[in-house]
Amino acid sequence: MLSASALARTAARAAGQSHRPLVSATASSNSIQSSLFYRSPASRRWFASYPDHEVVGMPALSPTMEAGTISKWNVSEGDSFSAGDSIAVIETDKATIDFEAQDDAVVAKLLVEGGSGEVNVGVPIMVTVEEEGDVAAFKDFVAEETAAEPAAAAEEAPAAAPAPAPAAAAPTPAPAAAPAPPAPAGERVFASPRAHTLAKERGYGEISALRIVGTGPGGRIVAQDVMDYDPASAPVAAAEPVAAAPATATAAAPAAPLPEPVAGPGYTDYSLPAPALELAARLHASKQNVPHYYLTVDLRLDALLDLRSSLNGTMQLDEDDGGISANDLLMKAAAAAMKTVPAANASWMGDFVRVYDSVDVNVVVGNGATLYAPVIRDVGRRGLKAVSDDVAAATSVVEGAEGSDPATVPGFGDVGTFTMVNLGAFGVKSAAPIIREPQACALALGVIENRIVPNDDPEAEEIYKESIMVTATLSCDHRVVDGAVGAQWLSAFKNHVENPVTLLL
């Protein structure tokens, strides 16, 4: 016998009327009803082979929600539930929410396993029926619309073209695979959370800086788009349309000058090179996504500068070789601190933290349109002179040494595990740097100056003395490095800087 609510729904359908959503979501004391718990249009096509049923999709629990994770099902296939029962526990990036039923029904099929990962909004998660006897018919049920919707979205794009060609006239899907230009700095890129995580896991960085064409609804980038992305193929695909151009024009393209500044009424617009735009996009996204906090410490450099003079004095340096710099020693001290506190040499990967074995430092060089952050590899395990030579080579590339171009140097713009920026040349005492995702820390150094400090020599007559000092500020990603770990790292860094012989061990 049908329940009263079931009879009401049957009568409503017979009269061509819709009924209220099957399930609601509650977070704390607030109740959220979602229109994404729906009767799928595709389910009507299955009425010939399946009993009357409801296909329930993952709802949008907030205006910005793109996906959620079913952490636990509170019902099993074949279970009945009543209005007010909790059906599942859903986790989003902001809250953990219980789904509560608004009506009576029976679970015919669970389409998503609990704890299986993120599910995009609108993707079917379960099927319900009115009678327990109908459950067996859905044993092999497959929600076909999960695969049909992307296909339908793909079919809509050619249809919007002014002169669509027949399928036979387009034997290859080259237009769909063509790389897209990087999103302008500040412009939002629509991508699923899983797509963002995959891009970072694979070392691509921010999706906004990549040439990925989204195949999801409305051009949204989904995880499969990132898995199919091949960085090496992007430049090739971009060059194919001009393959018929003369060879001289193709060869000159990489070195083409920037457009001339455009003057307007009271302003002038200046174009930026692609690497500068990419760096800007990365920093913009990082400042939005990373929960920054900052720690500052003052460092005495007397012993470190004495060591520098001693090392450079023992080396036979060329006239144009400046030898080991104070910045080289500070970079080596930062790598040594990473060995003491390895938790800081890590990345936030969405649902886990990755700790790196090698300390690869991005050193910020240049300014304005020529601002770059070349990576110095494996600073912790290499000698000071080797590190110093790499920094000098990277600096010469940025400064425009003959035959050098940052865009043509392999790995020049790669993202390391840590970033250092020295603003001492500009007289800046301290700064709070922006962390470059997926890194967890960035260090800023200020001007090296003489300061009057308390005299730590108990036998000295003077209570104050002059010392060479610098201020260091560490920016931390609180998801990876909490306050205690950040303080431990700064303490280790200070110890290595003020006792630099430890850098030679």
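**Entry 1. Salt bridges**

I counted 12 salt bridges in this predicted model, taking a salt bridge as a side-chain nitrogen of Lys or Arg within 4 Å of a carboxyl oxygen of Asp or Glu. I note that residues are numbered from 1 along each chain as its sequence is written, and that side-chain values use heavy atoms, with hydrogens and water left out. Because the model is predicted, local features need pLDDT of at least 70 and side-chain atom pairs count only at pLDDT 80 or more, while totals for chains, interfaces and linings use all residues.

I looked up R451 and found its side chain in a salt bridge with that of D298, at 3.4 Å from N to O. R451 lies in strand 20 (residues 449-454) and D298 in strand 13 (residues 292-300), so this pair ties together parts that are 153 residues apart in sequence. Strands (E, at least two residues) and helices (H or I, at least four) are DSSP runs, numbered from the N terminus.

Is R451 buried or exposed? I use buried for under 20% relative accessible area, exposed for over 50%, and partly exposed for values in between, with a 1.4 Å probe and protein chains only. R451 has 13% relative accessibility and counts as buried, whereas D298 is partly exposed at 37%.

I then looked up R479, which forms a salt bridge with E437, the closest N and O atoms being 3.8 Å apart. R479 lies in the loop between strand 21 and helix 13, and E437 in the loop between strand 18 and strand 19, so the pair ties together parts that are 42 residues apart in sequence. R479 is partly exposed at 29% relative accessibility, and E437 is buried with 3%.

E498 is partly exposed at 24% relative accessible area, and K494 is partly exposed at 28%. I also recorded that salt bridges with shared partners join D298, E449 and R451 into one network.

**Entry 2. Two backbone details**

I checked the peptide bond from E437 to P438 and found it cis, with omega near 5°. P438 is placed in the loop between strand 18 (418-422) and strand 19 (441-445). I also noted D378, which has a positive phi of about 50° although it is not a glycine. D378 is found in the loop between strand 17 and helix 12.

Helix 10 has 13 residues and reaches 19 Å from its first C-alpha to its last, close to the expected 18 Å. Its buried residues are L304, L305, L307, L311 and N312. Which part of helix 10 do the buried residues line? Seen down the axis, they fall within an arc of 155°, so they line one face of the helix; the arc is that of the directions from the helix axis to the C-beta atoms. The face turned away from this buried side carries the exposed residues D306, G313 and T314.

I recorded that the buried residues of helix 10 pack against helix 11, helix 12, strand 21 (464-477) and helix 13 (483-498), where contact means heavy atoms within 4.5 Å.

Helix 12 (residues 384-398) has 15 residues and reaches 21 Å from its first C-alpha to its last, close to the 21 Å expected. The buried residues of helix 12 include L384, V387, V391 and V398. They pack against helix 10 (302-314), helix 11 (326-340) and strand 17 (375-376).

**Entry 3. Nonpolar cores**

I take a nonpolar core as a set of buried Ala, Val, Leu, Ile, Met, Phe, Trp, Tyr and Cys residues joined through side-chain atoms within 4.5 Å. The largest such core has 55 residues, of which M331, F418, M420, L443, V481, W489 and F493 touch the most other members. Helix 11 gives the most to this core, with 10 residues. Leaving aside neighbours within four places in sequence, I found M331 in contact with V361, V363, I376, V379, V387, V391 and M420. Apart from this core lies another, of 19 residues, among them V75, F99, V107 and V119.

Definitions and conventions. Expected span 1.5 Å × (residues − 1).
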